Amino acid sequence: MSADRCQMYNDNPFKLGLFGANCSSGRAINKLPERWLADWDSCEKMAKLADEGGMDFILPIGRWKGYGGETDFQGTTFETITWATGLLAHTKNITVFGTVHAPLFNPMVVAKQIVTADHVGHGRFGLNIVVGWNEPEFQMSGIQQREHGDRYEYAEEWISVIKKMWNEEEPFDFDEEYLHLKNVVAKPKLHGDSSPLIINAGQSPIGRAFALRHCHAFFTNFREADVKKSAEFVAKFKADAKALGREANVYTQGHVVCRPTRKEAEEYFHYLTTEGVDFEAIEGVLELKNITRANTPDYDEYVRQLPPKNVGYPIIGSPDDVTEKFARMHGAGLSGIAFSLVNYVDELPLITEEVIPRLRNLGLKTPPLQSAG
Ligand SMILES: Cc1cc2nc3c(=O)[nH]c(=O)nc-3n(C[C@H](O)[C@H](O)[C@H](O)COP(=O)(O)O)c2cc1C
């Protein structure tokens, strides 16, 4: 992977990314007046603030249908490759990912969409491969969802043929179990080298094995209560990748509430996860996981207790607190974090102005990159 794929290939030991901003309400199921609406102008503003403020990447969620409730949580979403392309046109250094459902995107079409985005961004496009899990989204697409293991087998063929399109100079046939493509040509090639940065977050053994074969970065949850376990996981993942002749980094995800003081941050997080919650939408999320009133004892209490846990790993506090948590993650060998905010435009400046300089002081961030043009 060449250095022209900035910013994810800069020297920052701990990279910071924004997660979920293409979706209404981001990742926090809330009905607060300041919640994120994910309209284009706000997304563009967020991307510019992030780029100029020294953030490293932007990672959207591949989401096609909302979860209902008063706010229809994540019901308003931009398709991620086109969204990323637009943001790449408005930024200079930051890496912007598309989160692509392998079964929903024809490989010939998506290979070229990615090349297009990569040219617009001068090598800054990244690909997050997901295989899908949400049945109503598949029903809406008219595409039959496969059994879990088969999803990754299909994705294996899908990414293999896409990589061929990015690299083969001569026409080729691809004839495997799922994909049968004839006389394939694809020009131009990528702007950068042979592949964009590829990431995946499969948590099952087969998902993890797929990531080891194809991805440059993998996502896992940080275990604050057992940092040693997190460190062991990261070390093992990297060693397993090395055994396959590959290099892969491990990242994590979370939700940040950063305020000038810890007290303010904790009060806001409490408000976000109590009166601010769209509980009906939470019920929609649970129903998809087959957790219903009919099969769950104390269902109302279960729903009421859920919010602090379902916004992702919480990073709540003053700039000093947030910096310290990031440093602990780095200490476990993690290479960075994709985090969400309630309102990405309103809350990002405190992070770029107060947290990033603190990370620099700890040697976890380098000075800003010069524009790649
Ligand atoms: C950081 C991160 C981002 C993810 N993004 C999406 C997404 O946008 N869309 C989606 O359908 N699944 C997404 N997932 C789910 C994973 O791709 C994966 O399906 C899930 O972790 C279950 O793992 P498995 O597929 O190996 O069973 C994400 C997971 C994580 C941790």
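Okay, let's start with helix α5: Arg151, Tyr152, Ala155, Trp158, Ile159, Val161, Ile162 and Met165 are buried there. Buried here means 20 or more other C-beta atoms within 10 Å of the residue's own, exposed means 12 or fewer, and partly exposed is in between, with C-beta atoms placed from the backbone. Remember this is a predicted model: local features need pLDDT of at least 70, side-chain atom pairs count only at pLDDT 80 or more, and totals for chains, interfaces and linings use all residues. Residues are numbered from 1 along each chain as its sequence is written.

As for spacing, an α-helix has 3.6 residues a turn, so residues three or four places apart point the same way. Helices are DSSP runs of H or I, at least four residues, and strands are runs of E, at least two, numbered from the N terminus. What covers the buried part of α5? Among the elements are α3 (107-120), β4 (125-130), β5 (172-175), β6 (180-184) and α6 (205-214), where contact means C-beta atoms, placed from the backbone, within 7 Å.

Most residues other than glycine have a negative phi, and most peptide bonds are trans. Ala38, in the loop between β1 (15-19) and α1 (40-52), has a positive phi of about 60°. Ala38 is buried, with 23 other C-beta atoms within 10 Å. His122 also gets a positive phi, near 50°, and sits in the loop between α3 and β4. His122 counts as partly exposed, because it has 18 C-beta neighbours inside 10 Å.

Last one: Lys187 and Pro188 are joined by a cis peptide bond, omega about 0°, and Pro188 is in the loop between β6 and β7 (197-200).

Notes
Two residues are in contact if their C-beta atoms, placed from the backbone, lie within 7 Å.
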